Amino acid sequence: MSSNAKNRVESIDNFRGFAIILMFIANFIVLFVKNPPDIIRHAEPGMILPLDFVAPFFGFAIGLSFPYFIYKTKMLEATQPAKRFFFRVIILYIVGASPNFLYRLMIFEESVANAYLNSWSILETWALGLCLIILLVKLNLTKRIFVSVAILFIYQFVLLEIPGIYSYVYSQAEGGVVSVLSWLFVIINGTVIGELIVNTNKLNLIKKSVLISLLNSIVGLALHFGQITPMTRLDVSASYMFFSAGISIFVFLLFHLFLDNYGKVFREVGMYPLQAWILQSLFYVPVYLTIGGAYFDWPVGGVIALFGVVTLVIIDKYLIKLGIKLKA
């Protein structure tokens with residue numbers, strides 16, 4: 001891999017690390033703060049808020065990394081790398097599902113059935129999304145986007161029209177298993193930009209990325225303001241996915257083109273996202289076992305949440321220095 005390509009991979013790590021820090025902030029606000037201001041809430045009904053872009057950023061980063069995995073290992077032609085890929089997918093799924101299941105079973109004292117049915121998290125979404133990407137990645141960029149749009153519209157205008165499915169999606173974290181079809185769109189956009197980074201020069205990358213970003217953002221806003229589908233994370237709507245994909249591309253381009261030095265502060269966290277996720281899950285345990293969730297009023301709770309974020313980042317960086325490094 002050339003030094004130029006290496007720098008490009010580092011920009012993906014920086015962007016992913018930024019998404020992880022935002023994830024810490026969003027989740028710790030929920031963990032500690034009883035009554036946060038609207039601007040720092042997320043997953044609220046009837047609105048789109050800044051922290052609602054955290055999950056799309058992370059999904060987009062997964063898509064960005066995928067072309068590098070393909071070209072480095074020639075996964076589509078070799079059996080062993082493919083096995084390694086699916087092993088990682090399984091690990092991703094297990095690490096995502098296990099903490100929620102155990103929390104609900106042991107801390108919240110739910111039944112085994114309820115704990116299992118309600119234990120979905122965003123990691124399982126990414127795991128299944130990666131499996132779907134395998135089916136689409138051989139398509140050229142135009143066809144890949146077209147198919148992902150078709151799947152997104154089937155999700156929005158067919159599946160969500162079924163009351164039982166809509167109720168399920170609305171009640172589950174990240175929309176549950178059904179909404180993987182929607183989240184796939186932002187991951188696919190990541191693979192498209194990732195391939196442009198690998199295969200084209202910087203000028204073409206900028207032109208095509210800005211065009212895709214603008215188109216996605218405009219379609220998302222048109223669907224929302226045209227009252228075709230409201231932009232909300234709770235049902236992972238098509239307008240939310242289009243707009244999130246557009247914003248994700250724009251923010252990544254800032255990291256890729258202008259924020260290399262500033263982005264380094266996020267790099268180590270971004271290189272080992274699974275480790276960050278596990279640390280966050282472990283951090284929840286003493287909090288729930290002592291004070292419980294959402295205990296503090298604003299702004300005291302916000303200060304405590306910020307302290308928790310900084311503490312977790314420091315612990316993560318220390319573990320990395322000790323050689324403990326868990327990739328996704």
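Predicted model: local features only at pLDDT ≥ 70, side-chain atom pairs only at ≥ 80, totals over all residues.
## Starting at R41

With a relative accessible area of 25%, R41 counts as partly exposed (buried is under 20%, exposed is over 50% and partly exposed is in between, using a 1.4 Å probe and protein chains only). R41 pairs with D38 in a salt bridge, and their closest N and O atoms are 3.3 Å apart (the criterion is a side-chain nitrogen of Lys or Arg within 4 Å of a carboxyl oxygen of Asp or Glu). D38 is partly exposed too, at 45% relative accessibility.

Residues are numbered from 1 along each chain as its sequence is written, and side-chain values use heavy atoms, with hydrogens and water left out.

## Overall build

The fold has 13 helices and zero strands (both are DSSP runs numbered from the N terminus: H or I with at least four residues for helices, E with at least two for strands). Read from the N terminus, the elements go α-α-α-α-α-α-α-α-α-α-α-α-α. The radius of gyration is 19 Å, close to the 20 Å that the globule rule gives for 328 residues, so the protein is as compact as a globular protein of that length (the radius is taken over C-alpha atoms, and the rule is 2.2 Å times the number of residues to the power 0.38).

Along the principal axes, the C-alpha trace spans about 55 × 50 × 40 Å. As for burial, 50% of the 328 residues count as buried.

## Salt bridges across the chain

The structure holds nine salt bridges. One of them joins the side chains of R144 and E195, at 2.8 Å from N to O. R144 sits in helix α6 (residues 141–157) and E195 in helix α8 (residues 180–199), so this pair ties together parts that are 51 residues apart in sequence. Both ends are tucked away: R144 is buried at 1% relative accessibility, and E195 is buried at 12%. Elsewhere, salt bridges with shared partners join D38, R41 and E44 into one network.

Another salt bridge brings together the side chains of D297 and K34, at 3.7 Å from N to O. This one links distant parts of the chain, 263 residues apart: D297 is in the loop between α12 (273–290) and α13 (300–321), and K34 is in the loop between α1 (3–32) and α2 (54–73). D297 is partly exposed, at 41% relative accessibility.

A43 is in the loop between α1 and α2 and is partly exposed at 26%. V236 belongs to the loop between α9 (202–225) and α10 (238–257), and its relative accessible area of 0% makes it buried.

## A positive patch

R84, R88, K325 and K327 form a positive surface patch (patch residues have over 30% relative accessible area and no salt bridge, with like charges joined within 9 Å and nonpolar side chains, namely Val, Leu, Ile, Met, Phe, Trp and Tyr, within 5 Å).

Methods
Areas by Shrake-Rupley, 256 points an atom, 1.4 Å probe, with all protein chains shown as cover. Lys, Arg positive; Asp, Glu negative; His and termini not counted. Charge placed at Lys NZ, Arg CZ, Asp CG, Glu CD.
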